[in-house]
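Please walk me through this structure in plain steps.

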Amino acid sequence: MATKLTELLNIKYPIIQAPMFLVSNTAMVKEAMKSGIAGCIPALNYRTLEELKSAINELKLAKVDGGSFGFNLIVNKSNLKFREQLRVICEVGCDFIITSLGSPEETINQAHKYGIKVFCDVVDLQFAKKVEHLGADAIIAVNNEAGGHRGNMSPKDLITELVTHCNIPIISAGGVGCKADVDKMLSYGAAGVSVGSPFIASIESGVTNEYKQACVDYGAKDIVMTERISGTPCTVINTPYVQKVGTKTTWLESVLNRNKKLKKWVKMLRFAKGMRDTQKAANEVTYKTVWVAGPSIEQTKAILPVRDIVAKLTM
């Protein structure tokens with residue numbers, strides 16, 4: 001399965017274990033690397049810079065041939081820790097960074113000084129061309145089957161458009177739960193895939209067994225979009241609690257969002273509250289269950305070790 005992505009990251013299979021807020025951890029990434037793929041963790045999964053530094057050093061010691069690791073950075077104003085996280089990641093070192101929700105220019109400029117590759121989340125051609133111009137090493141094409149913050153275009157339409165108009169590798173994100181899905185994305189011209197939701201129900205993930213079991217019990221038809229986590233539409237499992245509270249922002253937030261001066265602060269407050277609620281649901285058994293996932297959980301039939309999930313994607 002040699003592609004431009006396997007060459008970029010020196011991995012056996014063209015697969016990235018996608019960064020997932022509160023789900024991804026070093027245990028998952030270690031097993032991903034042993035299985036011949038890349039693993040990525042959101043920097044926001046660590047409360048302090050010392051914890052982030054410790055995680056990077058742990059993964060550096062565990063790195064094996066045929067695997068690689070990276071970190072995801074939220075690069076917009078909602079992440080007040082961005083610059084310090086970027087500094088630590090660059091100074092301690094990793095193989096790649098994935099940027100999300102903002103301009104990657106500063107990240108690209110700093111990371112390249114340390115030989116770290118930068119892949120950028122995009123949802124359309126306009127932003128893809130911008131990040132290519134800024135010097136990104138690859139594009140993460142987030143389609144309408146992705147979990148979390150997803151795009152609006154189908155995998156086929158988005159991949160083929162970006163492959164036609166861009167000159168750097170395209171990595172498809174969304175809609176992959178088995179090897180047939182991987183093969184389909186590669187047939188459209190993708191150099192690899194970023195896979196998240198199937199790894200939620202891994203033995204190594206740090207979330208509750210209830211969250212993992214929900215990924216087994218629910219399917220693609222149970223995924224809905226909500227604005228109540230970050231203010232930006234996000235896919236979640238349609239649990240009874242989600243049905244009760246609804247998926248739209250409150251009327252007050254809608255009014256305040258129309259005010260240019262207040263809009264940024266409203267989004268920051270919603271992001272902070274949404275992250276706290278999501279953390280509680282991920283780490284505690286509670287009636288307030290807001291479980292982020294994508295439709296590819298349709299292929300999740302049991303809670304398995306990471307190595308077995310990789311096997312499903314490659315064999």
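Buried means under 20% relative accessible area, exposed means over 50%, and partly exposed lies in between (1.4 Å probe, protein chains only). Helices (H or I, at least four residues) and strands (E, at least two) are DSSP runs, numbered from the N terminus. This is a predicted model, in which local features need pLDDT of at least 70, side-chain atom pairs count only at pLDDT 80 or more, and totals for chains, interfaces and linings use all residues. Residues are numbered from 1 along each chain as its sequence is written, and side-chain values use heavy atoms, with hydrogens and water left out.

Begin with the whole chain. It has 13 helices and 10 strands. Of its 315 residues, 53% are buried. Contact means heavy atoms within 4.5 Å. Among the contacts with a separation of 6 or more, 61% are between residues 24 or more positions apart. The accessible surface of the chain is about 14,100 Å², and carbon and sulfur atoms hold 52% of that. Such areas come from the Shrake-Rupley method with a 1.4 Å probe; for residues, only the protein chains shown count as cover.

Helix α3 covers residues 49–62, and its 14 residues should span 20 Å at 1.5 Å a residue; the end C-alpha atoms are 20 Å apart, which agrees. The expected span is 1.5 Å times one less than the number of residues. Which residues of α3 are buried? They are Leu52, Ala55, Ile56 and Leu59. Seen down the axis of α3, these buried residues fall within an arc of 100°, so they line one face of the helix. The arc is that of the directions from the helix axis to the C-beta atoms. An α-helix has 3.6 residues a turn, so residues three or four places apart point the same way. Glu50 and Leu61, on the other side of α3, are exposed. What do the buried residues of α3 pack against? Their partners are α2 (26–34), β2 (38–42), β3 (68–74) and α4 (82–92).

Next comes strand β4, residues 96–100. Here 5 of the 5 residues are buried, so β4 is largely enclosed by the rest of the structure. Phe96, Ile98 and Ser100 point one way, Ile97 and Thr99 the other, and all are buried.

Strands β4 and β3 run parallel, joined by 5 bridges. Two strands pair if DSSP finds at least two bridges between them. Ser100 in β4 has Ile74 opposite. Together, β3, α4 and β4 form a right-handed β-α-β unit. A crossover is right-handed if, with the strands pointing away from the viewer, the path from the first strand over the helix to the second runs clockwise.

Strand β5 (residues 117–122) runs parallel to β4, with 4 bridges between them. Opposite Ile98 stands Phe119 in β5.

β5 pairs with β6 in the parallel sense over 4 bridges, and Cys120 stands opposite Ile139. Is β6 covered or open? It is mostly covered, with 5 of its 5 residues buried. Ala138, Ile140 and Val142 lie on one side, and Ile139 and Ala141 on the other.

The last stop is strand β7 (residues 170–173), which pairs with β6 in the parallel sense over 4 bridges. Ile171 in β7 is the bridge partner of Ile140. With helix α7 (residues 155–165), β6 and β7 make a right-handed β-α-β unit.
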